[in-house]
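Biologist: I would like to learn how to read a model like this one. Please take me through some of its features one at a time.

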Amino acid sequence: MSPVSMSYWGISGYIIFWVIFAVAVGLFLQRIYQLGRYMFLGRREGKFGNLLMRVLNTIVLVLGQWCQFKNLTTKDRASLGHAFMAWGFFIFIPFYLIFIIIGGGFGLSETVEHTGFFFYYTWVMDIAAPFIILGALWGIIRRYIVRPPRLEGEQTVEAMVILITVLIHPMTHLFKEATGIALGYAPVGLGATLPPISSALSGVFAGASPASVEMAHLAFFWAHWSIVLFVLVFIAYSRYLHMIASIFNVLLQSPPPKGALRPIDLEKAETFGVAKITDFTWKQLLDLYSCVIYGQCQEVCPATTSGKELNPKKLIDDLKQHLLEVGPGLLKKEAPAKEGKSLIGDVISEEVIWACTTCRACQQVCPVSVEHVNKIIDLRRNLVMEQAKVPETAEGALRSIEDRGHPWRGTTLSRTDWAEGLDIKTLAEDKNVDFLFWVGCTEALEDRSTRVAQAVAKLLKLAGIKFAILGAEESCCGEPARRLGNEYLFQLQAEKNIELLKSYGVKRIVTACPHGYNTIKNEYPQFGGKFEVIHHTELIARLIKEGKLKIKKGMGELVTYHDPCYLGRYNDIYQPPRQIIKSIPETKMAEMEKNRENAFCCGGGGGHMWLEERAGRRINELRTEQAIETKAQTVITACPFCLQMFDDGIKAKAAEEKLKVMDIAELVEKST
């Protein structure tokens, strides 16, 4: 007999069942509706295309738990425990719907439980339950006993309630089934071999009277169902919310290319950037609900690691708490002043906003696709374009871009000094070329980096590639301006460059700067500039493979390779540079512990080439120390910003005698 079909203290079990179910669902929906209203206070979001691919991607990431397994390492296996709990969540939901709500609630238990489907599903549940228990136990041990740094301060009552309910609810299910088996209820009689764990537990009640076993069965059923309904309500009022919000967040994550910033319609925008919580889009606010405070983002953040005020986990949580705090007043149309806090300054400090290097490490590891960087850039946009607040060194770089077409104040070089004696033509002289070589500001105007431009040019000539440069006509791609928050200046540069490139009929571009590469390839299309862009590591690797570049000698050294953020995490270019190094004889490579998608930032991105680090340690020195640990004699990189950051870091560590840095083009040039 179903526990729901019985009477308790003269009250029908059906009434008790549906009343507590209705109360729980009502409280859940009321809170979800409230949170939804807060979320949709945000600005309108763009269209979400390619729904089928989004659904398939969500199935892989969420149901398959690749969102967790991508962070699984021998040192950190927490994602495995989380996956156990998530899979249990997905497995239990159909059971509740079919066998408890429909079966028990509508008096159909005798029908739905005497089926082969019920028998096999109880087997699945029996196997899933201990894995959920293990996941919860591991979560409790890690959070309250092991206490890794990323969970510092997260030993809260809320977290404990979540883990305890995750632990208890499969236990009550197993004992509910065990007492049912002891009483001869289904799945007894449906199959030769009963679910093993429930069957084994039923032995505990072997000597008890049928009445006492029946009482235990009823107690375990109602305890289990009460916990389920408690969790349903608690989801809406706690960080449990990520269980639902993250599914939609993954489904609606920003489309490719990843990391491309959203443009501002400068003619229609009423405000620039974000000054208050409702200036974010509703999708950006959905991010806040999706965050589980997992903490992996703070572990990989170079700003956090180096002692800056920025902590990506705290950034998202602070924004969420602010939204929950001001939401009721905003719905009542109360004046913002009554809410008492300004978003920039009180909730998120300017130090936090300027500390980000936009390396995307936080987004790479986030299991629920929270996007931190675009929020920080939107806050910068408001500081720069609305409030005219920008650090002095960055202000100088922005003014230099506006006045001179490049960010390097004080340089004595011209755009073409690096090319003297190399017989390189400009597009104005010859448009019939295979590639435009986009030199970039740093490699044209920063003394050390000019050697990289020369090496690239020599290799292209050696391989018989017909190319030209823009020469004096080349201007900053605008990337530093955009990452520093001056969207207006970026769009001026982008539109000017696109017009120039189209006037010459440019189709293919090669560049040695990942920042220029990412901007021209992934962000210029926002303004009608679609070009085939290739990074010099890709082209050099291809030329070596095709035999157009002959490697004649090796270095006879141990080298290590540093993955630039804008080449790796932004554009997934990891193999070409390693293939190049592998092709050079007598050259061995030792990987740094943090490499490829997990590489540590050099500290130069997000405009930090022109921002002074005043708090904590310098990021480039931390990365230099990681390179020194490999015992390599040379750091190879593929980005002018990284080159300069390592050069400064090596000097700061007084390591010139044991470590040097060079671009991969310089390495190949010396080997041909």
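Modeller: Keep in mind throughout that this is a predicted model.

Biologist: Let us start with a single residue. In which helix is Gln-363 found?

Modeller: Gln-363 belongs to helix 16, which covers residues 361–365.

Biologist: Is Gln-363 buried or exposed?

Modeller: The general idea is a cut-off: a residue is called buried under 20% relative accessible area. Gln-363 has a relative accessibility of 13%, so it counts as buried.

Biologist: Which residues does Gln-363 touch, not counting residues up to four places away in sequence?

Modeller: Gln-363 touches Lys-70, Val-370, Glu-371, His-372, Val-373 and Asn-374. For His-372 there is also a distance to read: a polar atom of the Gln-363 side chain lies 3.1 Å from the backbone nitrogen of His-372.

Biologist: Now a whole helix. Why does the span of helix 2 agree with its number of residues?

Modeller: Helix 2 runs over residues 51–63 and has 13 residues, which at 1.5 Å a residue should span 18 Å. The C-alpha atoms at its ends are 17 Å apart, and this agrees.

Biologist: Which residues of helix 2 are buried?

Modeller: They are Arg-54, Thr-58, Leu-61 and Val-62. These residues lie on the same side of helix 2, because the arc they cover around the axis is only 80 degrees.

Biologist: What covers the buried residues of helix 2?

Modeller: The cover includes helix 3 (66–69), helix 4 (78–102) and helix 10 (242–251).

Biologist: Which residue with a positive phi follows helix 2?

Modeller: That is Gln-65, with phi near 60 degrees.

Biologist: Let us turn to residues that meet others from elsewhere in the chain. Where is Ala-136 found?

Modeller: Ala-136 sits in helix 6, residues 116–146. Its relative accessibility is 0%, so Ala-136 counts as buried. Leaving out residues up to four places away in sequence, Ala-136 touches Met-85, Leu-163, Val-166 and Leu-167. Ala-136 and Ile-168 are 32 residues apart along the chain, and their C-alpha atoms are separated by 9.1 Å.

Biologist: And what is the place of Tyr-289?

Modeller: Tyr-289 is part of helix 11, residues 282–290. With a relative accessible area of 4%, Tyr-289 is buried. Beyond its neighbours within four places in sequence, its contacts include Leu-35, Tyr-38, Met-39, Leu-323 and Leu-324. The side chain of Tyr-289 reaches the backbone oxygen of Leu-35 at 2.7 Å.

Biologist: Next, strands. In which sense do strand 3 and strand 5 pair?

Modeller: Strand 3 (residues 435–438) and strand 5 (residues 508–511) pair in the parallel sense, over three bridges. In this pairing Phe-437 stands opposite Val-510. Strand 5 also pairs with strand 6 (residues 532–535), in the parallel sense and over four bridges.

Biologist: How do side chains lie along a strand?

Modeller: In a regular strand they alternate between the two faces of the sheet. Thr-511 is buried, with a relative accessible area of 0%. Its side chain reaches the backbone nitrogen of Cys-513 at 3.2 Å. The contacts of Thr-511, apart from neighbours within four places in sequence, include Phe-437, Trp-438, Val-533 and Ile-534.

Biologist: What is the order of the strands in the open sheet of four strands?

Modeller: The order is 8-7-9-10, with parallel pairing. Strand 8 (588–589) and strand 10 (660–663) are the edge strands, since each pairs on one side only.

Biologist: How many bridges join strand 7 to strand 8?

Modeller: Two bridges join them, and strand 7 covers residues 558–561. Val-559 stands opposite Met-589 in strand 8. The chain goes from strand 7 through helix 25 (residues 575–583) to strand 8 in a right-handed β-α-β crossover.

Biologist: What is the bridge partner of Val-559 in strand 9?

Modeller: That partner is Thr-634. Strand 7 and strand 9 run parallel and are joined by three bridges. Strand 9 (residues 634–637) pairs in turn with strand 10, in the parallel sense over four bridges. In that pairing Val-661 of strand 10 is the bridge partner of Val-635.

Conventions: Residues numbered from 1 in each chain as written. Predicted model: local features only at pLDDT ≥ 70, side-chain atom pairs only at ≥ 80, totals over all residues. Heavy atoms only, no water. Buried < 20%, exposed > 50% of the residue type's maximum accessible area, 1.4 Å probe, protein only. Polar contact = N/O pair within 3.5 Å; in protein donor to acceptor, adjacent residues only side chain to side chain. Contact = heavy atoms within 4.5 Å. Pairing = 2+ DSSP bridges. Expected span 1.5 Å × (residues − 1). Arc of directions from axis to C-beta. Right-handed = clockwise from strand over helix to strand, strands pointing away.
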